[in-house]
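User: I'm new to this one and would like a careful walk through it. Could you start with whatever terms I need?

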Amino acid sequence: MKGKKERGLWELYGQDPEKADADIWQRKPEPVSRRGFLKKTGLAAMALAIGSHIPFFRNMPNGFIPLALAKTGEKKIIEGKSGLIVLNDRPVNAEPPPHLLDDDFTPAGKFFVRNNGLPPDVEVKADQWTFTVEGEVHEPLKLTLGELKKKFTHYTHALQLECGGNGRAGYYPPAKGNQWKFGAIGCAKYTGVRLKEVLEAAQLKDSAVYTGYYGADLHLSGNPDKASISRGTPMAKALEEHTLLAWEMNGEPLPALHGFPLRLVSPGWPASTSPKWLKKIWVRNQVHDGMKMDRYRVPRYPVRPGAVVSMEDMAIIESMPVKSLITNPKTGIQIRRGEALNLRGHAWAGERSVKAVHVSIDFGATWVQANLKKPVNRYAWQNWSAALRFPTQGYYEVWARATDSEGTMQPMVVPGWNPSGYLNNAMHRIAVTAV
Ligand SMILES: Nc1nc2c(c(=O)[nH]1)N[C@H]1C(S)=C(S)[C@@H](COP(=O)(O)O)O[C@H]1N2
Ligand SMILES: [Mo]
């Protein structure tokens, strides 16, 4: 029989580390206060609830809920994806817990899926897939994927794609939409051609200012005249070297859920600007006004949580902000005191690069600089690692914080509330017990 001490923290409290990120942002104190923990905020009460002494207790921010006590979430499974947490099954939306994102390049089987509508049944051979370039161009194009592959130079880049709503679950009052935690980010190697070269072949008119993208997926209503989503970007983003019309992900044809046979990748921007099952590029003489162009916006100035903000006061999100993840170990690990814990993770910063990652084991009182690699190419996430030792036995948390090339740091707490819950780049943390 196992003694109480040998059973991990997680077993003791019925927590599964894979689910433990659910309330990592401290958004809801209720589940914890129900345990009578907040009422008796004392070292003894907290240590009792966690089942371990907390060496850096005095550094803990007032009212802070230890990760070990965070509320748990639900777990379901979807086909072709191992261990992803399904947030919705119609449309399909699923994300991996952070420790599944440990690979340098995210395999398709672990890559988050965000669908706004119903994916098409692609019946043609990949190379017979057609798409058009129209609007503010002198030479409208209708190309097959086969022709695209023949006519233009191929490039392979590792590119980060993050949903604008990644981290939405951290906002309070809650925003409508998928309650993404940390996993709506991935960095895969995409092979394709530069959108720039295709637009040049179509000869842009001077009036071209914005793109509008259309995919072959159906609106949830089934109405064929309605797009599920149709977003675009200013011309400058479309003309960047790393904006690819891609048909391969990690050396394989794009999987059905990720846009087979052709998608666009606008790296570093909200992934809603990276259409899957691409059928049409409409070059616009104004900001595109397609489906959900009114979404993916944030207030131009800080607003009170829960505020109603008018459309004039909202700006379209462009680059995603600086962020990092701890992908090894998995939260909830137990180690021997004095032994080195090898930490690994990734950091990225939208259009910028990451210049430093720091980690803390004392609730942010002191920080140690991690080893940080350069990106393999612009817009790839950067790998970081650190070896940490824990001075005494007890409950610790490892916090990670990235700083971008302009000196902007990730916030420790959830940043500015916004009505649709975008851009939560608060630090990631894991629970560690030293024995
Ligand atoms: N055609 C089409 N493209 C789309 C979407 C969609 O629903 N339909 N979702 C967008 C959003 S909001 C995101 S976050 C990314 C997700 O890409 P992934 O499913 O390959 O991770 O695809 C984008 N491209
Ligand atoms: Mo998204």
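Analyst: A polar contact is a pair of N or O atoms within 3.5 Å; within protein, one must be able to donate a hydrogen and the other to accept it, and residues adjacent in sequence count only if both atoms are side-chain atoms. This is a predicted model, where local features need pLDDT of at least 70 and side-chain atom pairs count only at pLDDT 80 or more, while totals for chains, interfaces and linings use all residues. Residues are numbered from 1 along each chain as its sequence is written, ligands are numbered from 1 in the order in which they are written, and side-chain values use heavy atoms, with hydrogens and water left out.

User: Which backbones have a polar atom by an oxygen atom of ligand 1?

Analyst: Phenylalanine 112 has a polar backbone atom 2.7 Å from a ligand oxygen, and for arginine 114 the distance is 3.1 Å.

User: What kinds of residues make up the shell around ligand 1?

Analyst: The shell divides into nine nonpolar, seven polar and four charged residues, with Asp, Glu, Lys and Arg counted as charged, Ala, Val, Leu, Ile, Met, Phe, Trp, Tyr, Cys and Pro as nonpolar, and the others, Gly among them, as polar.

User: Changing topic, what is the mean pLDDT of the chain?

Analyst: The mean is 89, and 89% of the residues reach 70 or more, on the predictor's confidence scale from 0 to 100.
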